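Open the model in a viewer and keep the sequence panel beside it. The stops below each give a selection and then what is there.

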Amino acid sequence: MNGVFISYVSENIEIVDRFCQELKAHGIEVWRDRDNIAPGLRWKREIRRAIQQGAFFIACFSKEYEERDQTYMNEELTLAIEELRQRPIDSAWFIPIKLNECEIPDRDIGGGETLRDFQHVNLYEDWDGNLQRIREIVQPTSSEPTNASTVEQSVNLNAVAEFFKGLTHQNRRNYDRAVEHYTEALRLNPQLVEAYNNRGNAYSNIGEYDRAIEDYNKAIQLKPDFAEVYNNRGNAYNGKEEYDRALADYNMAIQLKPNLADVYTNRGIVYNSTGEYDRALADYNMAIQLKPNSADAYANRGAAYDKQGDFDRAIEDFNTAIQLKPNLADAYTNRGTAYDHKGDFDRAIEDCNIAIQLKPNLADAYTNRGAAYHNKGDFDRAIEDFNTAIQLKPNLADAYTNRGATYGNKGDFDRAIIDFAKAIELNPSDARAYNNLRIAYERRGQS
């Protein structure tokens with residue numbers, strides 16, 4: 001291993017993921033325990049070996065690190081200090097960076113010096129500028145280029161610049177602008193695998209799943225062992241409700257990288273959608289084991305418990321998800337559903353209100369709030385919410401089923417029948433819509 005060892009605490013996983021992705025896009029090899037230790041290996045020995053053989057050691061300090069009473073990052077720092085003492089003092093190897101406002105620990109490294117004697121980088125103050133400073137240190141060197149290779153290098157640098165412009169827009173959820181920059185990056189360098197992957201992610205985020213899949217196919221063609229791309233393509237197939245293809249991609253991603261927690265969460269979502277709740281729970285449990293701070297895994301496990309009728313466990317998981325990620329709108333929406341199933345309609349409405357405040361275009365939140373209003377007997381408010389849900393997501397079968405049930409309770413059987421028929425058209429396996437359609441016909445005939 002001659003790449004860069006990344007040391008961090010799990011609370012900073014999202015920003016570290018972004019940091020590593022940007023290093024990889026510049027051809028810099030990174031090593032992290034969650035990605036590079038295969039099942040069955042002695043992980044402590046693998047970490048020691050990676051630190052000793054690494055070309056650089058980057059320590060990601062943060063306020064979250066300071067707040068930890070115990071963390072294996074301290075052991076990694078101890079190993080790094082041991083390695084430091086054996087290396088020349090005039091060459092850069094240990095690179096401390098700050099992810100947010102914090103202090104570098106005053107740990108002794110011998111010779112009257114501490115870790116604070118190393119020049120650190122405040123990554124949070126100037127992300128692009130300080131990332132460039134880090135890259136200048138850890139970027140693999142090459143021999144003096146010829147004139148032809150200088151031109152090629154310039155084109156590649158411009159492609160990378162466009163890639164990071166796309167990444168910036170993607171992080172700001174400006175997906176159309178992100179696509180523009182990724183497209184320009186690929187025009188300049190058609191071999192830029194990460195650009196295909198990220199453009200696919202941007203397309204997925206705006207629901208253009210076919211375009212996304214096309215980009216993922218190209219990325220896999222260029223890099224057949226890119227586990228994350230299989231995961232992302234699986235998400236696109238899931239968005240198209242092509243569950244068999246999604247499962248095949250998730251299985252491949254797990255085969256290539258067995259400790260990739262998000263893949264288990266995503267595969268669990270598919271199992272949840274197909275009614276295989278035990279398999280879904282097993283996947284969510286694995287995701288939480290690999291990534292204990294994964295709010296998405298807790299939120300989705302809560303949804304599986306809710307489907308099984310275990311509402312208390314569901315609410316407990318949603319509480320954990322919200323504690324880990326207070327702005328996770330889906331967790332509030334699903335907790336509202338669990339409260340609704342328990343008959344606590346006011347709490348259900350309150351949770352859906354929060355979800356809508358966080359994410360105003362979340363159709364499921366309107367559907368779930370409408371269901372709670374329906375159960376409270378406030379049919380007009382319920383219909384208003386179902387109308388909004390359908391306006392936001394015209395193919396949301398549950399919204400039509402629920403609105404039909406509300407029209408039925410109001411005695412408007414003609415409208416109820418139209419809605420149940422639409423729900424069945426969108427979801428032919430919706431048994432509730434079939435049953436309600438039959439009842440609506442019977443009640444209309446009796447009225």
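Select T265, which is buried at a relative accessible area of 4%; buried means under 20% relative accessible area, exposed over 50%, and partly exposed in between, with a 1.4 Å probe and protein chains only. T265 lies in helix α13, residues 261–273. Helices (H or I, at least four residues) and strands (E, at least two) are DSSP runs, numbered from the N terminus. Now show what surrounds T265: leaving out residues up to four places away in sequence, T265 touches Y284, A287, S294, D296, A297 and N300. Contact here means heavy atoms within 4.5 Å.

This is a predicted model, in which local features need pLDDT of at least 70 and side-chain atom pairs count only at pLDDT 80 or more, while totals for chains, interfaces and linings use all residues. Residues are numbered from 1 along each chain as its sequence is written, and side-chain values use heavy atoms, with hydrogens and water left out.

**Whole chain**

Zoom out. The protein has 23 helices and seven strands, and its C-alpha atoms fill a box of roughly 90 × 50 × 40 Å along the principal axes. Of the 447 residues, 49% are buried. Among contacts with a separation of 6 or more, 56% are between residues 24 or more positions apart.

**The sheet**

Select the open sheet of five strands, whose order is β2-β1-β3-β4-β7 with parallel pairing. Which strands stand at the edges? They are β2 (30–31) and β7, each with a single partner strand, so one side of each has no neighbour in the sheet. Two strands pair if DSSP finds at least two bridges between them.

Go through the pairs next:

- β1 (residues 4–7) runs parallel to β3 and is joined to it by four bridges; V4 stands opposite F56 in β3.
- β3 (residues 56–61) pairs with β4 in the parallel sense over five bridges; F57 is opposite F94 in β4.
- β4 pairs with β7 (residues 121–122) in the parallel sense over two bridges; K98 is opposite N122 in β7.

Stay on β4, residues 94–98, where five of the five residues are buried. In a regular strand the side chains alternate between the two faces of the sheet. Show the side chains here: F94, P96 and K98 point one way from β4, I95 and I97 point the other way, and all are buried.

Helix α1 (residues 13–25) lies across β1, β2, β3 and β4, at about 170 degrees to β1. Helix α5 (residues 72–84) lies across β1, β3 and β4, at about 145 degrees to β3. Axes are lines fitted to C-alpha atoms, for helices over the stretch in contact, and angles run from 0 to 180 degrees between N-to-C directions.

**R135**

Select R135, which is in helix α6, residues 127–138. Is R135 buried or exposed? At 11% relative accessibility, R135 counts as buried. Apart from neighbours within four places in sequence, R135 is in contact with L23, H26 and I28. Draw a C-alpha to C-alpha distance from R135 to I28: the two are 8.3 Å apart in space and 107 residues apart in sequence.

**Around α17**

Select α16 (residues 311–324) and α17 (residues 329–342), whose axes come within 9 Å and cross at roughly 155 degrees. That makes α16 roughly antiparallel to α17; angles under 35 degrees count as roughly parallel, over 145 as roughly antiparallel, 65 to 115 as roughly perpendicular and the rest as oblique. The crossing of α16 and α17 is left-handed, meaning that the near helix is turned anticlockwise from the far one by less than a right angle, with clockwise being right-handed.

The contact uses F311, D312, A314, I315, F318, N319, A321 and I322 from α16, and A331, Y332, N334, R335, A338, Y339, H341 and K342 from α17. These residues divide into ten nonpolar, three polar and three charged. Ala, Val, Leu, Ile, Met, Phe, Trp, Tyr, Cys and Pro count as nonpolar, Asp, Glu, Lys and Arg as charged, and the others, Gly among them, as polar.

The axes of α15 and α17 come within 10 Å and cross at roughly 20 degrees, which makes α15 roughly parallel to α17. This crossing of α15 and α17 is left-handed. A299, A303 and D306 in α15 meet A331, N334, T337, A338 and H341 in α17. That contact divides into four nonpolar, three polar and one charged.
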